[in-house]
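These are my notebook entries on one structure. I set down what I looked up and what I found.

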Amino acid sequence: MKTLKPRLRVLDLVLLCLCLAVTVFLSLRIYSSPEKPRFVLRGRNGRWVYPLDRAESALVEVEGPLGVTTVQLSGGRARILSSPCPNQSCIAAGAIHDSGQWIACLPNGVFVGVESSGGANRDIDAAAW
Amino acid sequence: MRRPGSDPAQSKAQTPIVPYGRTEDTGVGLFGGLCLFLSAVDYLIPKPLPFMRLGLANLPLLIALFPRSAAGASEKPQTARMIFSFREYCLLLAVKVVGQALITGSLFSWVFLFSLAGTAGSAAVMYCLGVFRARCRVPLSLAGAGLCGAFISNAAQLVLARFLLLGESVRYLTPPFLGAGIVSGLALGLFAEAFCAQSAWVRKKSAEIATAERPRLSGRPDTRAALVFALGLFMTAVFLVIPSLAIKAALLALFFLAAIFRGKRVRPLFTLIVTALVTLVNLFPPFGKVLCELGPFTLAQGSLIAGIRKAVTLEGLFMLSSLMITPALRFPGAPGAYLGESFAVLARLNGRPPADQRRGKLSPLSLMRWLDETLLYNSKDA
């Protein structure tokens, strides 16, 4: 056998360009997409994180000075199901699902918020005029 | 696997039973044996990550798609065929996937599913491109078929990894894996085209007038193989449904010890590396109770346990499979006969590896020469 002389034909080059284009497109989509927001829960016994778009539901029991606050995470929404606080306003606050939203049980020291994975929430809290 | 030909006693001990009294190799058996041999060669080539493959075992699949030259002026383009017919090609795929699973002992593990998905996807694309080239006489070579085959193979395995093993974070691995597939597929396809252009065996085969398909082989039913296969499937199902991670980990340790006791080849370092990598990839995105934070990286309990569970399941299935499966496992019917024939070819090839490989200097040109000589030597028409 003789020395190798690789040679690409026209359609080989077309297929190569196609595959490269798909790879580059996916690279741009994947590596430049913004970080997805996530739920962050804080209490006396620790901190929890859950991606907002996580398919599996979760029930998290967060301890505080008054007892256990139960938080439900399901379908991209978070709500406080039960809490030992006297006025239960954290339960009445309903569900959160957007970046920047939060609910808290202040008597029990429990915080549930939606933040971007970069950390600090940069949205304006409120505006008044 | 030891280097082929480096230990004659080992090679002799591994020689499988010649199936059913057949002494001649069909094209499927010959190419199947080549697939298995090249898979072992691929494994021996040093790579940055232990589970990466160059895809050398796909070389026979590419050569099988080389178009037959027209047998005289009367052959019409639309009847132009490739070296392998569709049936032979499908049998070759089955031999490659199942044969590799039998040799590595991964028949009941996720590794088999990945191999099946990758091979099926790439073979379908390569076959379509081969038919397109043979019938339409377009400017397309095996380089294009190889590159598309590798691309689709890696894409199929990434999709499977997303749902079985690595979760959402597999998307970050997608571009480099697809890029690696383009490079390796293109290189393999160029090699295959250059080989087919110069090969005496291919020249002889492609000039043959397409005849009726080769006689079908028949195999004896093997009750013991069926029982072993059924038991393996049952134990695999049981292992999969066990919810407790502690029990799964204990079973994995048990399978590991059993493998050592039975004299199976175990690779603890490889197992640890794979376990660590699978766990690491599953840490993103993090979920569950935060254990610690290191700059932008969060280590969470839920994702850590999920990663360990998947890694233990992967390794446990692999260990179980290697305990239950041996290359001597015989499947009934024609597929079993072709598999046995391929193992017989593999045993002969192990005794006659490329000369340059023994000297540690395997080059593309020397591999081409060895391949052509091997095909001519082992062809039943030689």
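Which share of the contacts in chain B with a separation of 6 or more is made by residues 24 or more positions apart? I looked this up in what is a predicted model, and the share is 76%.

**Entry: chain B.** I counted 15 helices and 2 strands in chain B. Of the 382 residues in this chain, 49% are buried.

**Entry: helix H1 of chain A.** I took residues 10–31 of chain A, which form helix H1 with 22 residues. From first C-alpha to last, H1(A) reaches 32 Å, close to the 32 Å expected at 1.5 Å a residue. I then listed the buried residues of H1(A): Asp12(A), Leu15(A), Leu16(A), Cys19(A), Thr23(A) and Ile30(A). Viewed down the axis of H1(A), these buried residues fall within an arc of 100°, so they line one face of the helix. On the face turned away from the buried side I noted the exposed residues Val10(A), Leu18(A), Leu28(A) and Arg29(A).

I next asked what the buried residues of H1(A) pack against. Their partners are in chain B: helix H5 (110–136), helix H6 (142–164) and helix H7 (174–198).

**Entry: the interface.** I found 32 residues of chain A and 42 residues of chain B in the contact. Between them the two chains bury about 3,100 Å², of which 68% is on carbon and sulfur atoms. I counted 3 salt bridges between chain A and chain B. I recorded a salt bridge of Arg47(A) with Glu293(B), where the closest N and O atoms are 2.8 Å apart.

Methods
Residues numbered from 1 in each chain as written. Chains lettered and ligands numbered in written order. Predicted model: local features only at pLDDT ≥ 70, side-chain atom pairs only at ≥ 80, totals over all residues. Heavy atoms only, no water. Helix = DSSP H or I, 4+ residues; strand = E, 2+ residues; numbered from the N terminus. Buried < 20%, exposed > 50% of the residue type's maximum accessible area, 1.4 Å probe, protein only. Contact = heavy atoms within 4.5 Å. Expected span 1.5 Å × (residues − 1). Arc of directions from axis to C-beta. Buried area = accessible area lost by both parts, 1.4 Å probe. Salt bridge = Lys/Arg side-chain N within 4 Å of Asp/Glu carboxyl O.
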